[in-house]
Amino acid sequence: MLHNEVHARPSPRVVLPALVFFVAVLNERVTLEEEWAHLRHLPGQQQLPLKTLQGSYLRLALDGCNLKWERHTEYTRYTVVQPLPDGAGLGARSPALSVAACISPQWLAAIPGQTVVAIELALVHGDPGDAPALVQQAQRWLDSEALVGSRMGRGVDGQAHSCAFTDFQLRPSGFERWLVVAPPDTSTTRAGRILQRVLEIEIYRLMALRGMPAARALTPLLNEAEPRLAGLIEQLESGSASDQQLLDELVKLAARLERATAQHDYRFAATRAYSAIVSQRIAELRESAISGTQTIGEFLQRRLDPAIATVAAGAQRLASLSQRVERASGLLRTRVDIATEMQNQQLLAKLTRGQQLQLRLQSTVEGLSIAAISYYVVSLLLYAAKAAKSAGLPVHPELAAGALIPAVLWAVWRTTRRIHRRLHADDA
C-alpha cells in the first residue's frame with residue numbers, strides 16, 4: 001500500500017486543445033456513499049459499484065469526456081476533461097463554456113458538499129514566445145483588463161513551454177477562468193502536469209485561507225484574555241486577592257484558551273501545510289514574467305502571505321497566552337505550596353511542643369509511680385516483717401520497713417531505668 005501511494009493520483013493525459021471543468025467541495029459532512037450515489041446519476045454509470053471508490057480515486061470515461069474523482073481528507077475534487085468546443089480558442093471573446101459541457105451544469109451544481117473551488121480552464125494551442133499578442137488575446141478571452149499571467153517552465157533551449165493567464169475573478173456562474181497556451185507539439189503528459197499544477201495552486205490556496213475566519217474569530221477572545229491575564233498576574237504580585245479567587249479565575253481563563261486551541265489548532269496547522277504546498281507548486285511552475293502583467297506567483301504571494309501571517313500570528317498569540325497562563329498558575333501553585341509548608345511547620349512546632357509537655361508529664365507520672373510502687377513494696381515488706389515477728393523471730397516490723405525504704409526506692413528506680421534503656425534499644 002505504501003509503495004503504490006506514489007501512483008495513487010497520477011497526472012491526467014490531456015490532448016490539446018481541451019476544456020476542463022474543475023469543482024472541489026468540502027466533504028466534512030459528506031459520506032462516501034453520498035458521493036457514490038451522485039456519481040451513479042451520470043449517464044451510463046447506474047451500475048457503478050461502491051468498491052471502485054474505496055481507493056479514493058476514480059477515473060470514468062463518459063460520452064465525449066473523462067471525469068476524475070478524488071477524495072482527500074477535507075475535500076473532494078471532480079475534474080472533467082473534454083475537447084475544446086469550436087469558437088472557444090484564442091481570439092474568442094469571453095466564450096460561453098458551460099453550454100458546451102458534456103456534463104450538465106445541474107449535475108455539477110448538485111455535487112454534495114460546500115463548493116470551495118470552481119474553475120473553467122481552457123488549454124489551447126498558441127505560441128508562448130509571442131507574449132504581447134498572447135496578452136491581448138487572453139484579455140479578450142477572459143474579458144478582463146486586470147490580467148495575471150506568466151510564462152511557465154524551461155525547455156532545453158531555455159524557452160518557456162507554456163503560458164497561463166487568469167484574473168482570479170468569480171463569474172456569475174460561480175466559476176473562475178484560466179487560459180493556458182501551449183505549442184501544438186505539447187505532449188499529453190506535459191499538458192496533464194501543467195493542468196494539475198494550476199488546479200492544485202487554486203485548491204490549496206483556498207484551503208489555506210480557511211484559517212483566516214478562525215483567526216479573525218479568535219481575535220476578540222485574545223484581546224480580552226491578554227489584559228485579563230495581566231490583571232491576574234498583578235493581583236498575584238500584590239497579594240490583593242485570595243489564592244482561591246486567583247485560582248478560580250486562572251482555571252476559567254485556561255479552560256477558555258484550551259477550548260479555543262481544541263477548536264482551531266487543526267485549522268491553523270492545516271493552513272501552514274496548505275501554504276507550504278502552494279509555495280511548492282508555484283516554484284514548480286518555474287515562472288518568468290510577461291511584460292505588463294504580474295506573474296501568478298507574485299500576485300498570489302503578495303495577497304496570500306499577509307493572510308497566512310495573520311493566521312500564524314493568531315496561532316502564536318494563542319499558544320503564547322496559554323503558556324503564560326500556565327506559568328502564572330505555576331507561580332500561584334508555588335505560593336500556595338510555600339504557605340502550606342509554613343502551616344505544616346507551625347503545626348509541626350505545635351506537635352513538638354505538645355510532645356515535650358507530654359514527656360514532662362510522663363516523667364512526673366513516672367516519678368510518682370516510683371513512689372507509689374515503693375510504697376506498695378514497703379507495705380508488703382512490713383507485712384512480711386509482722387508475719388515474721390508473729391512467728392517468733394526477733395524482728396521489729398516498723399524499724400525493718402523504715403530501714404528498707406531507701407533500698408526499695410533505689411531498686412524501683414533502677415528497674416525503671418533498665419526498662420527505659422531496653423525500650424530505647426528496641427526502637428534503635
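User: Is arginine 281 buried or exposed in this predicted model?

Analyst: In this predicted model, arginine 281 has its place in helix H6, which covers residues 243-285. A residue counts as buried when its relative accessible area is under 20%. Because the relative accessible area of arginine 281 is 14%, this residue is buried.

User: Which residues is arginine 281 in contact with, leaving aside its neighbours within four places in sequence?

Analyst: Contact here means that heavy atoms lie within 4.5 Å. Once the neighbours within four places in sequence are left aside, the residues in contact with arginine 281 are Glu200 and Ile201.

User: Which strands stand at the edges of the sheet?

Analyst: The open sheet is formed by 9 strands in the order E2-E3-E4-E1-E5-E8-E7-E6-E9, and the pairing is mixed. Two of these strands each have a single partner strand, so one side of each is left without a neighbour in the sheet; they are E2 (57-62) and E9 (287-289).

User: What is the average twist from one strand to the next?

Analyst: The twist is taken going from one strand of the sheet to the next, and the average is 20°.

User: Which residue in E4 is the bridge partner of glutamate 70?

Analyst: Strand E3 (residues 65-71) pairs with strand E4 (residues 75-83) in the antiparallel sense, over 6 bridges. Within E4, the bridge partner of glutamate 70 is arginine 77.

User: What angle does the direction of helix H4 make with that of E5?

Analyst: Helix H4 (residues 188-208) packs on the sheet, where it touches several strands, including E1 (18-26), E4 and E5 (114-125). The angle between the direction of helix H4 and that of E5 is about 155°.

User: Is leucine 348 buried or exposed?

Analyst: Leucine 348 lies in helix H7, which spans residues 296-390, and together with Leu347 and Leu351 it forms a nonpolar patch on the surface, with about 300 Å² of accessible area together. The cut-off for an exposed residue is a relative accessible area over 50%. Because leucine 348 has a relative accessible area of 54%, this residue is exposed.

Conventions: Residues numbered from 1 in each chain as written. Predicted model: local features only at pLDDT ≥ 70, side-chain atom pairs only at ≥ 80, totals over all residues. Heavy atoms only, no water. Patch = residues over 30% accessible without salt bridge, like charges linked within 9 Å, V, L, I, M, F, W, Y side chains within 5 Å. Areas by Shrake-Rupley, 256 points an atom, 1.4 Å probe, with all protein chains shown as cover. Salt bridge = Lys/Arg side-chain N within 4 Å of Asp/Glu carboxyl O. Helix = DSSP H or I, 4+ residues; strand = E, 2+ residues; numbered from the N terminus. Buried < 20%, exposed > 50% of the residue type's maximum accessible area, 1.4 Å probe, protein only. Pairing = 2+ DSSP bridges. Axes fitted to C-alpha atoms, helices over the stretch in contact; angles between N-to-C directions.
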